[in-house]
Amino acid sequence: MADNILKIQGLHAGIEGEEILHGLDLEIAAGETHVLMGPNGAGKSTLGNVIMGSPVYNVSAGSVIFDGEDITKDSVDVRAKKGLFLSFQNPLEVPGLSMEAFLRNAIRERTGKPVKVFAFKKKIEETCRLLDMDPSYVERDLNVGFSGGEKKKAEIFQLLILEPKLAILDETDSGLDVDAVRTVSKGVDIFKQNGGSLLIITHSTRILDALKVDKTHVLVNGKIVKHGDSSLVDEINTGGFAKYTEG
Amino acid sequence: MSEIRVNPLSVLTWNKLNFNYAKMSVDEGLKAEDGPRENNLPGGVSFKGALDEAAYRNWLAENGIEYVSEAVVAGKFPMPDEQAFPTGMGAEADKLFLDNNVPAILYEVTESIERPLRFDYSYGDGDKVLENMIIHVRRGCSFTLILNISGETGSGCVGHSLKLYLEEDAKCTLVRLQMLPKSFMYFEDCGARLENRAELKYISLQLGSAKTYLGAFFDQWGYASKLWSGLGYIGLKDHFLDHNYVDCFRGKKTVGVMRFNGVLMENAVKVSRETLDFRQYCTGADGDEEEDLLVLGEDCVNKANPLILGEEEDVSGRHAVSVGRLSQDMLFYMQTRGIDEIKAQELMVRSRVMQLASQIPDDELKKNVERYLDRLYCDRVAECTAPCK
Amino acid sequence: MAEARKDSPIDLAEDNRGELLADVERGLYDFKDEERDEDFYKVDEGLTEDIVRRISEEKHDPDWMLDFRLKSLKIYNELEIPDWGPPIDGLDMQHIVTYVKPKTGMKASWDEVPEDIKNAFEKLGIPQAEREALAGVGAQYDSELVYHNVRKDVEAQGVVYTDMESALTGEYEEMVRSHFMKLVPPTDHKFAALHGAVWSGGSFVYAPPGTKVEIPLQSYFRLNAPGAGQFEHTLIIIDEGADVHFIEGCSAPKYNVANLHAGCVELFVGKNAHLRYSTIENWSKNMYNLNTKRAICEEGGTIEWISGSFGSHVSYLYPTSVLKGDHSHGEFTGVTFAGKGQNLDTGAKMIHIGKNTSSFIDTKSICKSGGISTYRSSVEIRKQAEGSKASINCGSLMLDSESRSDTVPAMDIRTDKADVGHEAKIGRISDEAVFYMMSRGVSEAEARAMIVSGFANPVSKELPLEYAAEMNNLIKLEMEMG
């Protein structure tokens, strides 16, 4: 295994006609938890989407190395199969497709082998127990009629079932209820314990309270302006971003 | 072969668009479905006879059902097909049954029946069969009927006509599952009349014949009557599907929901007419219609004409269509979980069909639909190594 | 109803453009000048080859145009009237005077326009509108252009804005000949054929490559004689990269004899060119308005239709955008208000041929006091039009249950590489919205009028101020009537 699970070098990316990320560098060592903070419009969500390979954005320069492999040109599903995961603020709804069937298919796609029914069921039950979720969740149609909190829980549930190497959690939406925050924290904790690496994108810190953060990065205007340790989170909590946005 | 005009559009539009009706070719020498009608009926459902034209008229008269010259504001012409008991396919479909001397089999439901009743129709090569039924659900009774239409191999022509009369407070779930071989021509017609507070759930799944005509006319006369209708279909190579669904709101506070979940592949052709028709005095009526069509073939033809007709001010009507390939957002979401585009398409096809199939109150038939989808994807995905191949 | 709620009363209150126009009395739109017979020249009532020849002769047509008229007449006699729309049996072609021509001829300046005609225009507000720095006024009185004035700066740019007769016999004859009724051939339908046979008057615009006309070109059409039909032809050619806004306004006084309007508008939008074509129609309530409007866009071209239909007894009006070039774009924004005795069948057609073309339809229909309004459209996406997008949005507002409102939107999509979205809604003015506004001291009638104006806002906000104001006043007047 490479030392770094993720290495981003000189990344320039944006949407048609507008560059959002202007030469960004970022390294995450395997097993570490990183936090990306920054004011609104800094390009935080763009970074998450670009790492995952969203076709909405185009990369004009730079590279994304994942687990020692250059994935800059890989399609989204190939990246996912290699062990990347991106949580969605608004995961899409698929009526008629249960979450269980969806995940079964996702695992089969990744492993190329049929899913062992019994073991899969057991894992689902166990994960439900760990996250304190009602097992009926997984029988419901994927994200259909889920409340905001339920959707968030379902994304964390998928994270634990799919077991990626690096999870990018886009938590820029701070409107989470206490219950959902608890589930996310718990799920993230389990994921970490199992050796998963994390990039948490946020502008609030509620979710980070119970979490050991290894490194913190501050993103302003498409560039990382400050790297630091977990103390940087506290500093921003008190001082905000003003220090980094001026000038 | 003779040709008739079916599926008339409720209001005419430009002739050039070929929407105003469909031309349907039917075989000569069509025969009435035979076999015993009285057997195996549960208590509460009775066979009341095979009605010829005169007997049918008597039945209409007994129940006070008569042709009402349509309440049309001056200026709308021509009139919809004149039928005392309107159906989606229209008057010429009715006439086809008369011309072939196919009587209407009348069933009456006089008690609420918990267990779904299932009629199995299995067709073979060369079958040219018409089935004509009237289901009369008496006041306050609830009833579920599943029409399971299938066949193994061969070609043929099958047409089913169904008239549903739901008296006050009656509740009915009607499922039509068609899994005929590809070389069958199939048509199904439906007329439903809902009296006060009657409720109808109508599900039609079309997973087989390559030439399909579907009509449904839901006539909501009764106060606060409710309709939920779902049509699901998969159009494969060389498939043609033409349908005409009308929800006619006449009673006050009537509610109607129509859902159309379709998939078109390769060069499949689909023509759809979907009408919410709010008649005068249907105050408080609420109609909601949605078409969700996944188009996966380069040579597909998708024609749609979703009408909203309003004669009453105090109504709420909504129609929405979304048509296209798998959306980019959806694809991205699926891909982030490691599902590639081909698989994502398959999942979307399955989900569209299963949304409706999961509502069939019959586990065996649900399995049949799943098996159909499995087979479909085994045949379509070359690298598939599943044992069924 | 959702639509009414969406346009919240607060938004309406803030949009005070309607207040900028002085109160208009209904009478303004109903005036009728006494027509002095000796000033006018009328042809026999029926339509024969003789009449067509006389029209042609009177207009000093080139020979090819006479041929064109005679061929069109033949087609007219062969075609049937449409069987799908509102009835037009009240129309009797044999008794319609097809051609009325004021004897005044062309006028160079406002001062020379005869007093009675001038009065009529004055009531319609044209001179004021011109003072508001409009580019040019081609006002058609009955069938002939009587007043025409193109501002110097527009002319200096090389933009040609003239009447059709001058264009036909002047240096633009070839251009007219190669475009005239090529987009709307006389074979299209019976009234297109009729138009081809008896057309008269109208505007011709040619914008050379790269020209940008900052101020809208404007033309008023009026119909002012009993039993007279009007068949004006508008031909606009926007060359590569040019940008023009053309405004067509129609208003006609009331008469009892059936009137027919079968005009024709042909718009050619060149590569990367942009044309906005705005119309407010307020024909008299006995008018049969069977108008044909069509635009074709080359690569990267844009056509925008803004359309307000208020008048006429019966209307058939479906501006068509042929999106021929790749990346061309068509937009249609329309409001139709059908009041007592009106059957207005309006909508749009979009034909996607080029790749990555896009179209957008947004319409609002309002009906009241027994009026019938039908939204009718067709969106066609051809097989080769890969990457195309179409969006159709239509809302209907019914103000009572004597009226009728229908939505008939056909779609024909022949490629999988297209995104099509369609949404339609029907409903009424929400009682909550009225209550809310009344709680702030607004009368019920006023509240309802404001809500309807808000509903029509997508159109009025696209119009120049004075037209938006006129439209809001028309809505107010319609709301007050019956």
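Colleague: How many helices and strands does chain B have?
Modeller: This is a predicted model, where local features need pLDDT of at least 70, side-chain atom pairs count only at pLDDT 80 or more, and totals for chains, interfaces and linings use all residues. Residues are numbered from 1 along each chain as its sequence is written, with chains lettered from A and ligands numbered from 1 in the order in which they are written. Helices (H or I, at least four residues) and strands (E, at least two) are DSSP runs, numbered from the N terminus. For chain B the secondary structure comes to 5 helices and 20 strands.

Colleague: Thanks! What is the radius of gyration of chain B?
Modeller: The radius is taken over C-alpha atoms, and the globule rule is 2.2 Å times the number of residues to the power 0.38. That rule gives 21 Å for 389 residues, and chain B comes close to this, so it is as compact as a globular protein of that length. The value for chain B is 21 Å.

Colleague: Is B:G232 buried or exposed?
Modeller: B:G232 lies in strand 14 (residues 226-235) of chain B. Buried means 20 or more other C-beta atoms within 10 Å of the residue's own, exposed 12 or fewer, and partly exposed in between, with C-beta atoms placed from the backbone. Because B:G232 has 23 C-beta neighbours inside 10 Å, it counts as buried.
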